[in-house]
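Reader: I'm new to this one. Can you walk me through how some of its pieces pack?

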Amino acid sequence: MDARTFGRDIAHINLTAGTVEMRPAPEEWIRKYIGGRGLGVRYVLENGADVDPLSPENILCFMNGPLSGSETSMSGRWAAVTKSPLTGTVTDSHQGGWSAARVRWAGFDGLVFEGKADHPVYVFIEDGQIEIRDASDAWGLGIHETIDLYKERYGAKNLSVNAIGQAGERLSRFAVWVNEDDRAFGRGGTGAIGGSKNLKAIIVRAGNKKSVVPDKDAFRASRKIALDTIRDEKNITSPKKGGLSVYGTNVLMNVTNSIGALGVRNSKLTSFGERAELLSGEYVEQNILSGNPTCHACPVACKKEVEIKDGAYKGLKMESVEYEPAWALGANCDVDDIRSIAKLIDQCNDYGLDPIELGNVYSVFMECSELGATNGETLSWGDDAAMVALTERLAMREEGLGDALADGAVRAAEHFGHPELAMAVKGQSVPAYDPRGLKGMGLGYATSNRGACHLRAYVAAAELGVIGIEADPLEWKGKGELVMTFQDLAAFSDSLDLCKFSAFAQGADEYAVQWASATGEACTPEDVMLTGERVYNLERYYNNLAGFREGSDSLPKRFTEEPSTLSGSNGHVSELDLMLEEYYAVRGWKDGVVPKEKLEALEIP
């Protein structure tokens with residue numbers, strides 16, 4: 001596993017022809033876009049921006065970065081990149097666990113799936129070989145059963161199974177891939193692309209292999225620098241001491257709620273009051289926590305395994321009650337029973353659904369029900385039992401309501417005649433930060449290249465004060481440059497591919513040192529930011545070609561015209577137009593479109 005030669009071992013798997021061909025990525029692509037997210041987007045651009053996402057002509061890339069699977073801390077990530085069936089934009093989604101590392105250890109830097117198999121298949125990867133095998137006996141199974149099936153067949157040791165569930169098979173536009181039962185490529189509908197290709201699973205068996213680097217001492221030193229920042233007790237990442245390590249991502253529930261930035265009842269409200277505590281990481285830790293599993297090379301262990309000990313779902317063991325799903329299926333839907341939320345998240349992990357999108361689908365249905373606009377079945381606020389029952393119908397695309405809800409909140413809102421009730425950007429629903437209480441996050445949603453997203457620019461880290469940089473969450477001025485900086489830094493780390501949470505402790509300096517020591521290539525913090533800017537502009541260029549042009553960077557009017565009425569953000573709306581003017585100026589874009597001179601300056605494509 002040699003970072004110096006990363007990009008040579010890209011497998012092109014043509015499911016129509018049933019062939020596997022090794023073709024190295026062009027050296028120019030590696031130089032410009034590194035790997036992971038950046039390299040995947042370059043492949044998707046090469047395939048054309050006018051492709052139908054669910055057609056055989058679309059490609060589905062699974063891309064490691066040059067640090068994936070290495071001894072570098074938090075390097076257990078890889079990227080799924082494609083044209084999204086949910087948004088029509090380019091999308092990338094990242095997954096933790098062990099699959100990324102094992103694919104590298106098995107001898108592959110990336111997998112590019114093309115075409116469509118004429119029957120259900122999976123791929124088996126081991127020792128530099130890839131075989132396409134029949135998956136007919138797994139088609140129709142949930143993800144948990146699929147993983148059990150293949151572990152029984154191949155043995156659990158050193159095995160990772162990535163699979164889609166029934167939702168992906170039935171082409172739900174927000175279907176996901178899951179490995180280790182609970183780690184997902186969560187957003188953008190990549191599971192539906194798998195289903196459209198009759199691709200049920202990606203299975204890899206490989207033991208640990210050490211990195212080959214040009215200077216072992218320099219590589220060891222860079223890893224120590226990075227690890228020391230992660231361990232620093234002032235950082236939220238500090239193992240067994242920092243909030244992220246102790247409580248997981250759900251450490252944010254009470255914090256966001258307290259400043260009036262937690263959307264409730266489809267974002268009609270901005271706080272869940274005292275009930276937010278019942279959804280929080282602190283509550284989980286005190287009441288249902290059963291374990292602290294982690295991903296490859298990660299000392300933080302933000303994943304929280306839980307066990308339900310009473311009630312209708314007694315005996316359920318699952319991982320993990322993350323902040324975003326707990327909000328989407330909880331406060332967003334007026335649900336405060338953590339046991340029901342754990343059940344719903346586990347259903348998402350089994351059927352293969354994005355829980356953020358699912359929660360928004362349900363909140364749209366609930367508000368339309370409240371308005372009497374559903375012309376039949378209804379769903380009341382807080383009816384968690386009905387949500388659990390409805391999830392199966394949605395995942396299976398049951399005729400009628402299940403089918404109407406299976407393609408996301410935007411299409412559901414249109415179905416009920418109220419498109420304005422979808423809290424979404426470019427077709428993808430918002431996550432757990434209300435733009436009226438966190439102004440930078442609103443700008444990040446609007447300008448995200450994959451639809452509403454907290455991970456393109458996690459400005460909340462500054463606005464909530466969980467990193468060294470602090471920004472006033474209610475001040476719109478200055479957010480244009482701040483959002484751009486976060487976007488570009490994330491685009492680089494996603495291309496390495498390091499866990500997003502590394503940025504709670506590290507920045508361009510640490511990323512540059514790690515990249516340089518692994519590859520032997522010179523890299524400065526300025527190079528990091530320039531490469532990140534190039535990747536972000538490449539994505540925007542693709543979207544421009546796909547039809548997302550002037551006026552595409554927007555927010556639902558609820559955020560820009562309906563002021564918050566609750567403490568912390570009372571009276572505030574998102575001043576999006578003013579922030580966009582500032583943002584476009586620092587980006588060098590013209591109303592969301594990358595001009596020719598900017599493309600040339602960044603050497604795009």
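Author: We'll take a pair of helices, then a sheet. Keep in mind that this is a predicted model.

Reader: Okay, helices. At what angle do H2 and H21 pack?

Author: About 25°, with the axes 10 Å apart. H2 covers residues 36-47 and H21 covers residues 525-545. Angles under 35 degrees count as roughly parallel, so H2 is roughly parallel to H21.

Reader: Is the crossing left-handed or right-handed?

Author: Left-handed, as H2 passes H21.

Reader: Which residues make the contact?

Author: From H2: Arg-37, Gly-38, Val-41, Arg-42, Val-44 and Leu-45. From H21: Val-535, Tyr-536, Leu-538, Glu-539, Tyr-541, Tyr-542 and Leu-545.

Reader: And how many of those are nonpolar, polar or charged?

Author: Nine are nonpolar, one is polar and three are charged.

Reader: Switching to the sheet. What's the strand order?

Author: E8-E7-E12-E9-E10-E11. The sheet is open, has six strands and shows mixed pairing.

Reader: Which strands sit at the edges?

Author: E8 (129-134) and E11 (183-185). Each pairs on one side only.

Reader: How much are neighbours turned against each other?

Author: By 20° on average, with direction ignored.

Reader: In what sense do E9 and E12 pair?

Author: Antiparallel, over five bridges. E9 is residues 159-163, and E12 is residues 199-205. Ser-160 has Val-204 of E12 as its bridge partner.

Reader: Which strands does helix H4 touch?

Author: E7, E8, E9, E10 and E12. H4 (residues 143-154) packs on the sheet, and its direction makes about 145° with that of E9.

Terms used:
Residues numbered from 1 in each chain as written. Predicted model: local features only at pLDDT ≥ 70, side-chain atom pairs only at ≥ 80, totals over all residues. Heavy atoms only, no water. Axes fitted to C-alpha atoms, helices over the stretch in contact; angles between N-to-C directions. Helix = DSSP H or I, 4+ residues; strand = E, 2+ residues; numbered from the N terminus. Parallel < 35°, antiparallel > 145°, perpendicular 65-115°, else oblique. Left-handed = near helix turned anticlockwise from the far one by under 90°. Contact = heavy atoms within 4.5 Å. Nonpolar A, V, L, I, M, F, W, Y, C, P; charged D, E, K, R; others polar. Pairing = 2+ DSSP bridges.
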